[in-house]
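I opened my notebook to look up a few residues one by one. Here is the structure I worked from.

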Amino acid sequence: DIAFLGDKDAAGALGEGKTFRLMVNVDMGHKPYQRSLRLPDGSTFDGNGYTIKGIKMMVGLFGDKVSDLTLRNPTVDGAEISSTTNGYKGVLANSLCGSSSLTNVVVANSSVITGE
């Protein structure tokens, strides 16, 4: 399901304003440099108290520019965001726009590296 949400067309076909909820812990460490989640604008991602660990990407978990995302109750552990370009980078997203909000979000043991 995480890989499905990494496909912009597939996730976008689900429509705006949907809620996505984790039901188990997710270990992404076995697949470095997976694509970011491409949730439609106005989506809610509820971590439901579960953990996503081992992220290795060039942009944040939810992408470069995220609009109107409600993010609540996830833990992100052991994320590595690295890029050879300078600019805004983040573990969750490179930039949040619109009415995005974060509630009860934990980021632990993670790093962001930019520049050449």
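**Entry 1: a charged pair.** I began with Arg 72 and Asp 46, whose side chains meet in a salt bridge at 3.6 Å, N to O. Arg 72 lies in strand S7 (residues 70-72) and Asp 46 in strand S3, so the pair ties together parts that are 26 residues apart in sequence. I kept in mind that this is a predicted model.

I wrote down a rule beside it. Side chains of opposite charge can pair when their charged atoms come close.

**Entry 2: a second pair.** How many salt bridges does a search of the whole structure find? I noted two. In the other entry on my list, the side chains of Asp 46 and Arg 21 meet at 3.5 Å, N to O. Asp 46 lies in strand S3 (residues 44-46) and Arg 21 in strand S1, so this pair ties together parts that are 25 residues apart in sequence.

**Entry 3: cover.** Is Asp 46 buried or exposed? I found 8% relative accessibility for Asp 46; buried means under 20%, so Asp 46 counts as buried. Arg 21 counts as partly exposed, at 46% relative accessibility. Arg 72 is also partly exposed, with a relative accessible area of 28%.

**Entry 4: Leu 22.** Next I looked up Leu 22, in the loop between strand S1 (19-21) and strand S2 (26-27). Leu 22 is buried, with a relative accessible area of 7%. I set aside neighbours within four places in sequence and listed the contacts of Leu 22; among them are Ile 2, Phe 45, Asp 46 and Tyr 50. Asn 48 is on that list too. Leu 22 and Asn 48 are 26 residues apart in sequence, yet 5.8 Å apart in space, C-alpha to C-alpha.

**Entry 5: Ser 83.** Where is Ser 83? I found Ser 83 in the loop between strand S9 (80-82) and strand S10 (95-97). Ser 83 is buried, with a relative accessible area of 10%. Leaving aside neighbours within four places in sequence, I listed Met 58, Lys 89, Ile 113, Thr 114 and Gly 115 as its contacts.

**Entry 6: the surface.** Last, I looked for charge on the surface. Which residues gather in a patch of positive charge there? I wrote down Lys 8, Lys 31, Arg 35 and Arg 38. I then checked Lys 8, which is found in helix H2 (residues 8-12). Lys 8 is exposed, with a relative accessible area of 59%.

Key: Residues numbered from 1 in each chain as written. Predicted model: local features only at pLDDT ≥ 70, side-chain atom pairs only at ≥ 80, totals over all residues. Heavy atoms only, no water. Helix = DSSP H or I, 4+ residues; strand = E, 2+ residues; numbered from the N terminus. Buried < 20%, exposed > 50% of the residue type's maximum accessible area, 1.4 Å probe, protein only. Contact = heavy atoms within 4.5 Å. Patch = residues over 30% accessible without salt bridge, like charges linked within 9 Å, V, L, I, M, F, W, Y side chains within 5 Å. Areas by Shrake-Rupley, 256 points an atom, 1.4 Å probe, with all protein chains shown as cover. Salt bridge = Lys/Arg side-chain N within 4 Å of Asp/Glu carboxyl O. Lys, Arg positive; Asp, Glu negative; His and termini not counted. Charge placed at Lys NZ, Arg CZ, Asp CG, Glu CD.
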